[in-house]
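Here is a quick walk through a protein model, written for someone who likes cut-offs spelled out. Have the sequence and the coordinates open as you read.

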Amino acid sequence: IYHSRAKDYLTTLNCAGNAGWSGSTNSSSRYYANANRATTYGMEMYAEYLGWTLSPYVNGNIIRRELELPTRSTYRTGEPTFTGRVGVKNIMLFERMELESDLYLRAASRAKDETADTAVQHSGWATANLEFTSTFGSENQYQVTLALNNLLDKRYTTAHESIPASGFSTAIGAAFSF
């Protein structure tokens, strides 16, 4: 559970309908600005059950932020109220490596931004994803990950981005500890 109060809070605001942007109607353009104050309340949770071969888990965040701007005060700041992830993991141990698979849904609720004169609505979204991570080496110091993102090829845009997220995509990563 968290709560914060900030003065001179740095945020991004929509240009659309903002008098400072000469009547811009582009709802995806944003600029940095200082809010007089920001008050944020929220709760983040993670739960996982480890008693089975497959480990179900849930991770979520609930947030509510009020921005006090020079011309208005609003709780509709473009931040999704709910974001989260729910999935199931499996870890298989081999002689020289560990392989973790993770099938999960990632989602966010809709968000409305009323920080400018023109309100902007962001739709909620959800994606199905599958990730494989292999850890190996004499001290498990190497890691390779293959992520298959947005398996159902859904079109969506997150609340803080101005371009649509990619459809089905893959990502490969590597890391090592020293």
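## Ground rules

This is a predicted model, so local features need pLDDT of at least 70 and side-chain atom pairs count only at pLDDT 80 or more, while totals for chains, interfaces and linings use all residues. Residues are numbered from 1 along each chain as its sequence is written, and side-chain values use heavy atoms, with hydrogens and water left out.

## The nonpolar patch

Let's start on the surface. Met 92, Phe 94, Met 97, Phe 136, Tyr 142, Val 144, Leu 146, Ile 172, Phe 176 and Phe 178 form a nonpolar patch there, with about 1100 Å² of accessible area together. Two elements give two or more residues to the patch: β10 (142-149) and β11 (169-176). The largest share, three residues, comes from β10. Strands here are DSSP runs of E with at least two residues, numbered from the N terminus.

On the bookkeeping side, patches are built from residues with over 30% relative accessible area and no salt bridge; nonpolar side chains (Val, Leu, Ile, Met, Phe, Trp, Tyr) are joined within 5 Å, and like charges within 9 Å. A salt bridge is a side-chain nitrogen of Lys or Arg within 4 Å of a carboxyl oxygen of Asp or Glu. The areas come from Shrake-Rupley with a 1.4 Å probe, and for residues only the protein chains shown count as cover.

## Rings in pairs

A search of the whole structure turns up five aromatic pairs. The rings of Trp 125 and Tyr 156 have their centres 4.7 Å apart and their planes at 25°, so this pair is stacked. Trp 125 lies in strand β9 (residues 125-136) and Tyr 156 in the loop between β10 and β11, so the pair ties together parts that are 31 residues apart in sequence. Trp 125 counts as buried at 12% relative accessibility, and Tyr 156 counts as buried at 13%. For Phe 176 and Phe 178, the ring centres are 5.7 Å apart and the planes are at 40°, so that pair is tilted. Phe 176, in strand β11, is exposed at 55% relative accessible area, and Phe 178 is exposed at 91%.

Two sets of cut-offs sit behind those labels. Rings of Phe, Tyr and Trp (its six-membered ring) pair if their centres lie within 6.5 Å, and planes under 30 degrees apart are stacked, over 60 edge-to-face and the rest tilted. Buried means under 20% relative accessible area, exposed means over 50%, and partly exposed is in between (1.4 Å probe, protein chains only).

## Charges over rings

Arg 64 lies over the face of Tyr 75, at 3.8 Å from the ring centre. The charged end of Arg 85 sits over the ring of Tyr 104, 3.5 Å from its centre. The test asks for NZ of Lys or CZ of Arg within 6 Å of the ring centre and within 35 degrees of the ring normal.

## Residues along β2

Which strand holds Gly 42? Gly 42 is in strand β2 (residues 30-48), and it counts as buried at 13% relative accessibility. Leaving aside neighbours within four places in sequence, Gly 42 is in contact (heavy atoms within 4.5 Å) with Ile 1, Tyr 2, Ile 62 and Ile 63.

Thr 39 is found in β2 and is buried at 12%. Its contacts, again leaving aside neighbours within four places, are His 3, Ser 4, Arg 5, Arg 64, Arg 65 and Glu 66. Arg 30, another β2 residue, is partly exposed at 26%. Among the residues Arg 30 touches are Thr 12 and Asp 113, and its C-alpha is 6.0 Å from that of Thr 12.

Asp 8 has a positive phi of about 50° although it is not a glycine. Asp 8 is in strand β1 (residues 2-14) and counts as exposed at 57%. Asn 140 also has a positive phi of about 50° without being a glycine; Asn 140 lies in the loop between β9 and β10 and is partly exposed at 42%.

Finally, is Asn 90 buried or exposed? Asn 90, in strand β5 (residues 82-93), is buried, with a relative accessible area of 15%. Beyond residues up to four places away in sequence, Asn 90 touches Thr 53, Leu 54, Leu 99, Glu 100 and Ser 101.

Definitions and conventions:
Helix = DSSP H or I, 4+ residues; strand = E, 2+ residues; numbered from the N terminus.
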